[in-house]
Amino acid sequence: MTTINEIESVNWQVAVSGTGDIAEGISDIRQCVGIIITTSKGSDPLRPEFGTDIYKLVDKPVNVAAPAIVKEILTALQLWEPRIRVKRLVYTVDGSSILFDMFLELIINGDSAQILFEIDRLNSRPTDDFTGRGFSRGFSFGFK
């Protein structure tokens, strides 16, 4: 656990994973990406366009839902996370789950990072491991 006196990165924020934790560097970016993807548009009163509408795609057929989710994610990240450039975002379908593999280029220092996450359209149990809490929007979301 990093404390406020041990912060080494210019990019940091309070981690949502636990009280007193700090997310910095790539952890900060992963947390921001997760928050952007899982926040429903309209749920932030001061930024009504913040987030995505992927929860609306839960009941759609996979061949319709997966490309629409990709579009939602790319649009939201381009608008709300200027520190990254999405180089690749591909998905595979496994039953009710859609596994996304996102490769990011970090603009702040030229590094690259890979983020794997899964959207399970049938399982609404909390499975995300970037926040320590679940989402009850009819699907579960989790980083791998």
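This is a predicted model: local features need pLDDT of at least 70, side-chain atom pairs count only at pLDDT 80 or more; totals for chains, interfaces and linings use all residues.

Visitor: How many aromatic pairs does a search of the whole structure find?
Guide: The search finds 2. Rings of Phe, Tyr and Trp (its six-membered ring) pair if their centres lie within 6.5 Å; planes under 30 degrees apart are stacked, over 60 edge-to-face, and the rest tilted. Phe-50 and Trp-80 are edge-to-face, at 5.1 Å centre to centre and 70° between the planes.

Visitor: Which parts does that pair tie together?
Guide: Phe-50 lies in the loop between helix 1 and helix 2, and Trp-80 in helix 2, so the pair links parts 30 residues apart in sequence. Helices here are DSSP runs of H or I, at least four residues; strands are runs of E, at least two; both are numbered from the N terminus.

Visitor: Phe-50, buried or exposed?
Guide: Phe-50 is buried, at 6% relative accessibility. Trp-80 is partly exposed at 27%. Buried means under 20% relative accessible area, exposed over 50%, partly exposed in between (1.4 Å probe, protein chains only).

Visitor: What lies over the face of Phe-50?
Guide: Arg-47, at 4.0 Å from the ring centre. Arg-47 also lies over the face of Trp-80, at 5.6 Å from that ring centre. The test for a charge over a ring: NZ of Lys or CZ of Arg within 6 Å of the ring centre and within 35 degrees of the ring normal.

Visitor: Switching topic. Which residues have the most contacts inside the largest nonpolar core?
Guide: Val-33, Ile-69, Ile-73, Met-102 and Phe-117, in a core of 24 residues. Such a core is a set of buried Ala, Val, Leu, Ile, Met, Phe, Trp, Tyr and Cys residues joined through side-chain atoms within 4.5 Å. Helix 2 (62-80) is among the elements giving two or more residues. Helix 2 gives the most, with 8 residues.

Visitor: And what does Val-33 touch?
Guide: Leu-77, Ile-84, Met-102 and Leu-104, leaving out residues up to four places away in sequence. Contact means heavy atoms within 4.5 Å. Val-33 is one of the buried residues in helix 1.

Conventions
Residues are numbered from 1 along each chain as its sequence is written. Side-chain values use heavy atoms; hydrogens and water are left out.
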